[in-house]
Amino acid sequence: MNRSFRCGARAFALDRPLVMGVLNVTPDSFSDGGRFLARESAIAHARRMRDDGADLIDVGGESSRPGAAPVTEDVELERVIPLVEALAREGIAAAVDTRKPAVMRAAIAAGASMINDIGALQAPGAIEACAGGRTAVCLMHMRGEPATMQDAPVYDDVVTEVKDFLVARAAACEAAGIAAERIAIDPGFGFGKTRAHNLALLRAIGVFAATGYPVLVGLSRKGSLGEITGRAVDERLAASLAAALAAVARGASIVRVHDVRETVDALKVWNAIEQSS
Ligand code: 7PJ
């Protein structure tokens, strides 16, 4: 299948998996430990990820780790918008990880190529904020809210429930004027899911890919990988690479990762194998 994914001014052919590098600008971000809080070092980190082969940089100003507290709109705007402006000036494609329509509007005005919403644009005004322009959207499934989402989530059939939700959200976006070729979907690993749910969703990536929307996956350093390997969050590189490759082999189009350089290498090998027949 040779669909294209339009993202801001770019059109990605999807003839190879895309890599989205994570740039957290939260003081309590569990993976970066707040080390990239200072704007200059955040920009330097984005440049490094771009040089390492990232296609997109995902800027997040509100931590969504399990148990995290929400931040105010002003704080999120102040953390995210200057960074998006700086990345746009350098021609780096920025996604903005936000649930707030006001942040979406400001991010789009600042030149963001994608809005990545863990709430799948369900906030009042969110779809409208993203419609009518060239910005792509990533619709992610989450059960519950970050503060409580890991309290014993239950599904009858996790794959069907998550897929049906995402297809309905994508339809709502299309009805509001967001082009299908600007919509990506994401099963939301770790967002109100047990390890068994996450593994069932990963095995079923093909079901999500069959909807025709590019599938974005965020497995990098996540808790389920820690449970499987017994490794702490900064010791999950090998586990994250294995998960990214398994997702791509099942049809994922975009991987959201912390370790861009290593992921790009792993995917280059995978691509070489796939294209050498
Ligand atoms: C995801 C995300 C994900 C998308 C986070 C973390 C938690 N956005 N934002 N998908 N995860 N689309 O990085 O561990 O899985 S924040």
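Modeller: A residue is near a molecule if one of its heavy atoms lies within 4 Å of it. Keep in mind that this is a predicted model.

Colleague: What lies 2.6 Å from a nitrogen atom of the ligand?

Modeller: That is a polar side-chain atom of Asp186. On the oxygen side, a polar side-chain atom of Arg256 lies 2.8 Å from an oxygen atom of the ligand. Gly218 uses a backbone N or O atom, 3.4 Å from an oxygen atom of the ligand.

Colleague: And how much of the ligand's accessible area does the protein cover?

Modeller: The ligand has 390 Å² on its own, and the protein covers 94% of that.

Colleague: New topic. Which residues have the most contacts inside the largest nonpolar core?

Modeller: Ile57, Leu121, Leu139 and Val217, in a core of 66 residues. Another core, of 15 residues, lies apart from it, and includes Cys138 and Leu216.

Colleague: What is Leu139 in contact with, leaving aside its neighbours within four places in sequence?

Modeller: Among others, Leu121, Leu166, Ile183 and Asp186. Asp186 is also one of the closest residues to the ligand.

Colleague: Last one: is Thr98 buried or exposed?

Modeller: Thr98 is buried, because its relative accessible area is 2%, and buried means under 20%. Thr98 sits in the loop between strand E5 and helix H3. Its side chain reaches the backbone nitrogen of Lys100 at 3.2 Å.

Note on methods
Residues numbered from 1 in each chain as written. Predicted model: local features only at pLDDT ≥ 70, side-chain atom pairs only at ≥ 80, totals over all residues. Heavy atoms only, no water. Polar contact = N/O pair within 3.5 Å; in protein donor to acceptor, adjacent residues only side chain to side chain. Areas by Shrake-Rupley, 256 points an atom, 1.4 Å probe, with all protein chains shown as cover. Core = buried A, V, L, I, M, F, W, Y, C linked by side-chain atoms within 4.5 Å. Buried < 20%, exposed > 50% of the residue type's maximum accessible area, 1.4 Å probe, protein only. Contact = heavy atoms within 4.5 Å. Helix = DSSP H or I, 4+ residues; strand = E, 2+ residues; numbered from the N terminus.
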